[in-house]
Amino acid sequence: MKRRHRLAWSLLAAVVLVAGLRAQPLSDDTFRHWADYLRPSEAECAFQEIDWRLSFPDGIRDSQTLGKPLLLWAMNGHPMGCT
Amino acid sequence: MIARRSVWSDDRVKALLAEFIPAADEVHSLQSGKDPAALHFQKIAEQGHYAGRTKPTNTRQGIYAAAPSGILLASMNNNRPEQVAKMLEQALAKWRSLSDDERYLPSDQLKTISQARRWERLYPQDGLAIRVNSRDLPRDNPTIKGWRADAWNQDFLWLKRDEAIALCPQSNEVGAARPWPDAIARRLARLNLVDNVRGQIPAFADEDIEHVTITSTIESIDDASVTIRIDGRSRTVKKGRWSIDGFKDMDNPTEQERGIDVELFGHAVFDRSTQRFVEFEVVAIGTRWGATQYNGRADDRDPNGIGFLLSLADDHERVPPASIWAYGW
């Protein structure tokens, strides 16, 4: 029960903190919170751990020279940029 | 965008990818270009899942496995890792059945494809490349579910060397301030401070900028570097008729308005000897509203919080900004 209370208070504190931060102008006090919030997490960036060649021509070149088939991920907007 | 989280972090897909050369690229210029690289892509794509497609759009986006010669091994446009893994296995089986003559390009053809003129050539090697991440701010009563609830995106802002240097006050006085050159502030406001959180969106036009001012102020200075504070505001608003719901209303554009109103704040460190930024971290926080055809906001057009983080791009992230065509470089 105590643990449940602690969890509830932690959640409430987090909500109050976020609500409070939202009401405040950007400043040295709030900057780090927002920078960390906005930065994609390691898990979100997992797709970037793959050794993507950043263009189709680079992929064709390495496919030919390294003797492996090409796997091209082609999207409206560069998959490693704004897609 | 969904594939970023669902497909490429899957262990089976990652293991199979070791047998391939993975490449990522923007499809529009490949499917519509006339240069040798674009034509080679079109040869592959016209054997694939969207071959000949014109409706609802002519996009050729997707995942293609191919021999460098241009023989398609397998393709699909799918965000399910198990389906992609199956496709990769089929592709490998077909690759193994090909002779070397069938697999590879004549060397002169490879050279022509490799020499295609691409936006990457404009990468500001001695200037400044900034990564711009975007994300919705927390909401009091979140109603959006699924991947859209915690979506994020990224784009890039490139500055040539002289443009980057112009962001730092030319003074030895703490407190000295310098407004960003109008062209740079407007480039950021038009092309990067856009609601791309859930998908691509057209840039704002210059006339959509109601207000943008960004100022660098010296916080500290020594022989090696200048530390600056960056702050400012930007407000852009576009009105007109356009579609907002993907294919559903693509033939029925309606009166719309979209906008971004943000405050910017952050810090950067400028190396005095190399005349380059070695640290750069700026946050933009504020409000977005409206929707465009492919940005996943059709049911979420009311004003709500949006944030952007501007930080130094890694040297290997040489991905052209989505709207580099607007740079005039």
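**Core and ring pairs in a predicted model**

Biologist: Which residues does A:Leu71 contact?

Modeller: Beyond its neighbours within four places in sequence, A:Leu71 is in contact (heavy atoms within 4.5 Å) with A:Trp52, B:Trp8, B:Leu17, B:Phe20, B:Ile21, B:Pro22, B:Ala23, B:Ile63, B:Tyr64, B:Ala65, B:Met87 and B:Leu88. This is a predicted model: local features need pLDDT of at least 70, side-chain atom pairs count only at pLDDT 80 or more, and totals for chains, interfaces and linings use all residues. Residues are numbered from 1 along each chain as its sequence is written, and chains are lettered from A in the order in which they are written.

Biologist: Switching to rings. How many aromatic pairs are there over all chains?

Modeller: The count is 15. Rings of Phe, Tyr and Trp (its six-membered ring) pair if their centres lie within 6.5 Å; planes under 30 degrees apart are stacked, over 60 edge-to-face, the rest tilted. A:Phe47 and A:Trp73 are edge-to-face, 6.3 Å centre to centre with 90° between the planes.

Biologist: Where do A:Phe47 and A:Trp73 lie?

Modeller: A:Phe47 is in the loop between helix H2 (28-38) and helix H3 (56-66) of chain A, and A:Trp73 is in strand S1 (residues 70-75) of chain A. Helices (H or I, at least four residues) and strands (E, at least two) are DSSP runs, numbered from the N terminus.

Biologist: And B:Arg103, buried or exposed?

Modeller: Buried, at 14% relative accessible area. Buried means under 20%, exposed over 50%, partly exposed in between (1.4 Å probe, protein chains only).

Biologist: Which ring does its charged end sit over?

Modeller: The ring of B:Trp95, 4.2 Å from its centre. The rule: NZ of Lys or CZ of Arg within 6 Å of the ring centre and within 35 degrees of the ring normal.

Note on methods:
Side-chain values use heavy atoms; hydrogens and water are left out.
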